[in-house]
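Please look at the sequence and the structure together before reading on.

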Amino acid sequence: KIDLKNKKCLGIIFCSAQLEKFYQELKNFFMQQHKIPTQHIITRNIDNPNQKIGNSIQFNIIDQINIKMGGKNFFIDFKKEGIIRKGEVFLVIGLDSKYANKKVMYSMTSTINPHLNNFVTQEKACNDNTQEKNNTLKKMFEIAIDEINKRCPHSPDYIIIYRQGGNEIHNKILTINELDNFTGILNQYREKYKDNKNFHFRNTKLYYICCNLKSDLKFFETEKGEVSKAYYNPKSGLIVDDNVTQKNKYEFYLQPQFVNQGTATPCHYQIMYYDKSMKEEDELTIENLEKLSFYLSFYYWTWSGAIRTPSLLKMSNTAMAFYSKILNSNEYCFFEKPTFI
């Protein structure tokens, strides 16, 4: 029996070789029935005979535990990098969806602080019809805005939505189906706080970006002066926004991770909507948006280094994978409140 009402805790579970097969059952037991975050430790991993690998795994586990207990391993100074200017507030969102068991499930992870290293994750399921999907998206978007408004002196100057997308046709369909929900909510907030002297709702600018992980392009580099045609994976931080991109459109390829085995695939970012031209000096430029996307790939706490996408989108994908298993098993036990990280 577990009675942890009004208490915060973390369950640390050591899994021997015999218990590894019960990993998912243990995770579901703690997360579904008791809403307790857990840290599973596979004993054979920490007993690795290679001391260097064993130490790396142990430090990674400590980092994960620290984050799950509310700590911070590091933060990126976006102001020093010239991405966020003094007094500006950014709301960054990762959004994913999935069809399962005749329902649509949405997963949204959003930032709630100026350093962009505190997050809240929401998961909601609804029936597969336009009205319910629109209402679900609007409610999740409202929660994301309300959570950051609680912690900032004014509303966000910029809202950047990273949407899990696909090819260009798929991205256009997503934009048509979802964008009006977000712009409509923003207009409602502007009217709500128009004459409010206690809270200033700024002229928030919205960016809706579709991310395609299955890009058809791969990039390689060769050493200068090399005679042989040897190709290598690019170093971390490759950005391509010219020559191979479409004219009159804002899009770019970003490869933040370094791969030393096999070939690396970049993420294709298509900016499907933005309020104003990103070439204006007082707006978020495409160069700063590229930098922001790159730095956010380092905020995925369970991996040391960069991942392929911004961390918020990856966290949304991870939450989607976990809760879709519940949806497919006909066990509709979702969190009633957002989950904070």
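What follows describes a helix, a group of aromatic rings and one further residue.

This is a predicted model, in which local features need pLDDT of at least 70 and side-chain atom pairs count only at pLDDT 80 or more, while totals for chains, interfaces and linings use all residues. Residues are numbered from 1 along each chain as its sequence is written, and side-chain values use heavy atoms, with hydrogens and water left out.

Helix 6 spans residues 286-296, and eight of its 11 residues are buried (under 20% relative accessible area, with a 1.4 Å probe and protein chains only); among them are L289, L292 and F294. Helices here are DSSP runs of H or I with at least four residues, and strands are runs of E with at least two, numbered from the N terminus.

Rings of Phe, Tyr and Trp (its six-membered ring) pair if their centres lie within 6.5 Å, and planes under 30 degrees apart count as stacked, over 60 as edge-to-face and the rest as tilted.

| Pair | Centre distance | Plane angle |
|---|---|---|
| F78 and Y295 | 6.4 Å | 80° |
| F78 and Y299 | 6.3 Å | 75° |

F78 lies in the loop between helix 3 and strand 3, whereas Y299 lies in the loop between helix 6 and helix 7, so their pair ties together parts 221 residues apart in sequence. F78 is buried at 3% relative accessible area, and Y299 is buried at 0%. Ring pairs join F78, F294, Y295, F298 and Y299 into a cluster.

Y323, in helix 7, is buried at 5% relative accessibility.

How values were computed. Buried means under 20% relative accessible area, exposed over 50%, partly exposed in between (1.4 Å probe, protein chains only).
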